[in-house]
Amino acid sequence: MIPHERSLVDKWKDRPFALLGVNSDNTSTDKGMTLYKEKQKEMGVTWRSFRNEGSDPQISDDWRVRGWPTLYYIDHDGVIKHKNVRNGAKMEQVLEEMIAAAEAAAKK
Amino acid sequence: MLRHALAAVLLFSIPTAVIAQSDASTGTQQDPQAAYQKLAKSFAKAMSVWQDELQATIKKAQEAGERVPRSAYAPPTKEFVGTAQELAQEHAGKDTAVPFLGFILKNASRERNAVKWAVKTLASDHAESKAIGDIVDYLPKVARMAGRSSKSLLNDIADNHSDNTVRAKALLARARQSAANDKSVAAVADLEQVKKLTTDQDLLDEVKEALVETQKLAVGSVAPEIDGVDIDGVKFKLSDYRGKVVLLDFWGFW
C-alpha cells in the first residue's frame, strides 16, 4: 500500500493531486511518536496526515470508518466521487480521470 | 499453547455451569437464557485469550524475522459455534432457539455449514416469530457464507413480517447493508419506511445515524470538513485542498 501510494505522489507531483492521510497510530506518547517518526522515515511517507485523535470526535468516528485502510476519493470541488477503490490499476485510472477534470475546471 | 489456554478457560467456566444448572428448577434442560450467557461469556474469554496469543505470536515472529503462521489468525470460533448449534437443536422449534442461531450468525468465522443450517432453520421455523427481530442485524454479515438464503430471509422479514417493530429492525439492517454497498437510494427508502413503522426512540436514533452515512458520506455528497492537526500539531483543514483531487486515506503503521 505505502510504496504504491508513494509512487502516486511522485507521479502526480506537478498536477492537482494530494494524498492526505488520517493516521490512527498512537502518537500521543513520546514513545509512540518516536516509533512513528522512525517508521515514517523507513517507509518514505512524505505526505501529510491528520492525527485521528487530534480531533474530537475522532475523525474516523465522524466519518464512520469501520475498517482500515478506508479510502475516500474527493474531487476538486470537495465532492466524494468514489469510496474504497483498492485495486492498484483501477485506483490510478479513477484518479487520472479526476485529476484531468480538475485541470479542465481550472482552465475555465 | 493456545489449546492449553483454551482448556484453562473451559475449566474455569465449569463452576458457572454448575450454578446455572442448579438454578434451573425444572426438567433436565438448562434455562436457555443462562445457557446463552454462559456460552457468550466463555466465548468472550476464549477470544480475548486468542487475541493475546496472537499478539505474542506476531511479536515473536517479528523479532525472529519469521512469518506468522496463517493458522494463528484463525479465531477459536469452531467449538463455540458447535455448542450454539447443539443448544439450538435442544430448543428446536421454539423461539428460545433463536438467540443460539443468532450466535452462530454473529460469531462464525469459517463454519459455513453451521451458518447455512442456522439461516435455513430461522427461515423455516422462526421467520414469523417476534424473536427474530433481535438477530436480523447479523443476516447481512453472513451473506458471503450463506449465499442467497440470508438475503431472501432478510427481504422477507423486511417486507412482510406482521410485527412492525420486527419489520423496522429488518429494514434498518437492510439499509445499512445497502449503504455499505453505496446503494444510497435504496438505503434512504428503507430508512424512511422505518420512520413510519416505529415510534421506538432507539430505532429512530439509529435511523438518524444511518442517514448521516447514506447522505453526508455518500458518493455524490460534499465531503464533511475536517478541521484538525497534523502529526506535528500544525492545524489544517480538508477544504484547504479545494482545487485539488484528494485521496483521503484512513491508515496506520501499527
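I looked up the cavities first, and this predicted model holds 2 of 30 Å³ or more. A cavity is a set of points, on a 1 Å grid over the protein atoms alone, where a 1.4 Å probe fits but cannot get out. Its volume is the space filled by probe spheres set on the points, which are joined across faces, edges and corners.

I noted a volume of about 40 Å³ for the largest cavity. Its lining residues (an atom within 4 Å of a point) are A:Ile74, A:Asp75, A:Gly78, B:Leu238, B:Tyr241, B:Arg242, B:Lys244 and B:Val246. I sorted them into 4 nonpolar, 1 polar and 3 charged; Ala, Val, Leu, Ile, Met, Phe, Trp, Tyr, Cys and Pro count as nonpolar, Asp, Glu, Lys and Arg as charged, and the others, Gly among them, as polar.

I then turned to the second largest cavity, with about 30 Å³ of space. Its lining has 1 nonpolar, 3 polar and 3 charged residues, including A:Arg51, A:Glu53 and B:Ile231.

Next I examined two helices (DSSP runs of H or I, at least four residues, numbered from the N terminus). In chain B, H2 (residues 32-64) and H3 (residues 78-90) pack at about 175 degrees, their axes 10 Å apart. Axes are lines fitted to C-alpha atoms over the stretch in contact, and angles run from 0 to 180 degrees between N-to-C directions. H2(B) is therefore roughly antiparallel to H3(B), a term for angles over 145 degrees. Their contact (heavy atoms within 4.5 Å) involves B:Phe43 of H2(B) and B:Phe80 of H3(B), among others.

Residues are numbered from 1 along each chain as its sequence is written, and chains are lettered from A in the order in which they are written. In this predicted model, local features need pLDDT of at least 70, side-chain atom pairs count only at pLDDT 80 or more, and totals for chains, interfaces and linings use all residues, while side-chain values use heavy atoms, without hydrogens and water.

Terms used: On a 1 Å grid over the protein atoms alone, a cavity is a set of points where a 1.4 Å probe fits but cannot get out, and a pocket is an open set with protein on both sides within 12 Å along at least five of seven lines; lining residues have an atom within 4 Å of a point. Angles under 35 degrees count as roughly parallel, over 145 as roughly antiparallel, 65 to 115 as roughly perpendicular and the rest as oblique.
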